[in-house]
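Thanks, everyone. I have one structure to go through today, and I will take it region by region. Here it is on the screen.

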Amino acid sequence: MLHCGLLGEKLGHSYSPAIHNMLGDYEYRLYEQAPDAVEAFLREGEWNGLNVTIPYKKTVFPYMDTVGEAAKEIGSINTIVKDADGKLHGDNTDVYGFEKMLLRSGIPVRDRKVLVLGSGGASVAVLYVLRKLGALPVVISRKGPDNYENLAKHADAAAIVNTTPVGMYPKNGESPIDLRLFPECKGVLDLIYNPSRTAFLLQAEELGLPYENGLYMLVAQAKRASELFTGKAIADEEIDRIYRSLSLRLSNIVLVGMPGCGKSTVAAKLSELTGRPVLDSDTEFTTCYGVTPEEVITTKGEPEFRKMETEILRSVGAQSGAIIATGGGVVTRPENYPLLHQNGVIVWLKRDISVLDTSHRPLSQQNKLADLYAVRKPMYEAFADISADVDDDTAQTILEKLTK
């Protein structure tokens, strides 16, 4: 069996092993190496193929026996193959991955100005592809002639690519630029894939612009790396299959609906069927603040509770691969939508109000349910990606809708 993996200094959590496990029959491990150990690992380590991440994409160059054209031109290696004689060949599969990502997005770039935010390691692969496809790229960096202080002179940009880490977990909610400054923009790409929708992409969605996150690029470059590791061609359809599988696995399933409609029960059943953890916003609220939502609403009023609840959603919404059961009124604050939508598919659970449980729910007891529902119904509709009627098969129905 081939021994492959990811080389880096501090790797933490990585999606690469999961992707490669779906691509080929070889071992794929995470290899954390200190800077002074890289040369020995490359020359003496028991491995056949490597992906390389920061800070070693340039470090490995002197140890290569041959280097691919793209890697040589951009000065960055992210894939290494050791042949039977022990010789090392370096290549760059980020170029392949970004080109697949860009083509999938359908965003036109030929003969058009494309802003590339950031001048780091990822930027060089993006620039290589854009120039290859006939685009007119402009790098925006913190210093230099084109920077974040003079963006106005690039208001005619037709597309924008973010290669910076701005907005990446755990610093969700930050965006490198305001897309409203670019009225000619026809689409945006963000190399970040956690969260699935950064603040940058959420604004693109709000403005009706096509967008793509970096997960497709990650899968596509892994597919190309796998081909280099094994010497076997892999159909492009595998990129789409793995991308869909991973997207579904990483997405939160967020349940919204009237108080007492059964969100906790459906969440528990979904957890049983999928093995996903359940995050209940009311339970998280009590754990964080030491009081229940009911106590806060009764003593401090609903507005104060809603502000405190939003901070809880800021935390739980940043997670991935969870089932999130929310309070019935989360839809009353528009600022809660991006917190839940950034990593989640929002499911509206619908149930006849005549059978809703109102116990320990002060807002349901203080208001006529029909009036409360009339106010919230359009809010649920605005938040939801899909809906499901509550019955014995609700959890299964949701999973079927998600896989479609």
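Before the regions, one term: helices (H or I, at least four residues) and strands (E, at least two) are DSSP runs, numbered from the N terminus. Helix 5 in that numbering is followed by Gly-134, whose phi is positive, near 85 degrees.

Now the conditions. The model is predicted, so to be listed here local features need pLDDT of at least 70 and side-chain atom pairs pLDDT 80 or more, while totals for chains, interfaces and linings use all residues. Residues are numbered from 1 along each chain as its sequence is written, and side-chain values use heavy atoms, with hydrogens and water left out.

I will stay with helix 5, residues 121-132. Which of its residues are buried? Buried means under 20% relative accessible area, with exposed being over 50% and partly exposed in between, for a 1.4 Å probe and protein chains only. By that cut-off the buried ones are Ser-123, Ala-125, Val-126, Leu-127, Tyr-128, Val-129 and Leu-130. They pack against helix 3 (69-74), helix 4 (94-105), strand 7 (113-117), strand 8 (136-140) and strand 9 (159-162).

Take Val-129 from that helix. Its relative accessible area is 0%, so Val-129 is buried. Contact here means heavy atoms within 4.5 Å. Leaving aside neighbours within four places in sequence, Val-129 is in contact with Val-95, Phe-98, Glu-99 and Leu-102.

Next, Asp-94, which has its place in helix 4. Asp-94 counts as buried because its relative accessibility is 11%. Beyond the neighbours within four places in sequence, Asp-94 contacts Lys-57, Asn-78, Ala-125, Met-217 and Gln-221. With one of these, Asn-78, there is a side-chain to side-chain polar contact at 3.2 Å. A polar contact is a pair of N or O atoms within 3.5 Å; within protein, one must be able to donate a hydrogen and the other to accept it, and residues adjacent in sequence count only if both atoms are side-chain atoms.

Two strands pair if DSSP finds at least two bridges between them. Strand 7 pairs with strand 8 in the parallel sense, over five bridges, and Leu-117 stands opposite Ile-140 in strand 8. From strand 7 the chain goes through helix 5 to strand 8, and this β-α-β crossover is right-handed. Right-handed means that, with the strands pointing away from the viewer, the path from the first strand over the helix to the second runs clockwise. Strand 7 also pairs with strand 9, again in the parallel sense, over four bridges; there Val-114 stands opposite Ala-159. Four of the five residues of strand 7 are buried, so strand 7 is largely enclosed by the rest of the structure.

Between strand 8 and strand 9 there is a loop that contains Ser-141. Is Ser-141 buried or exposed? Its relative accessible area is 16%, so Ser-141 is buried. Not counting residues up to four places away in sequence, Ser-141 touches Ser-119, Asp-146, Asn-147 and Tyr-148. A polar atom of the Ser-141 side chain lies 2.4 Å from the backbone oxygen of Lys-143.

Strand 1, residues 3-8, has five of its six residues buried. Six bridges join strand 1 to strand 2 (residues 27-32) in parallel, with Gly-5 opposite Arg-29.

Last, the cores. A nonpolar core is a set of buried Ala, Val, Leu, Ile, Met, Phe, Trp, Tyr and Cys residues joined through side-chain atoms within 4.5 Å. The largest has 42 residues, and Ile-253, Leu-255, Leu-270, Val-347, Leu-349 and Ile-398 touch the most other members. Helix 12 (residues 302-316) gives the largest share, five residues. Apart from this core lies another, of 24 residues, among them Leu-11, Val-81, Tyr-216 and Ile-239.

A note on cysteines to finish. With a disulfide taken as a pair of cysteine sulfur atoms within 2.5 Å, a search of the whole structure finds zero. Cys-185 is buried, with a relative accessible area of 6%, and Cys-261 counts as buried at 1%.
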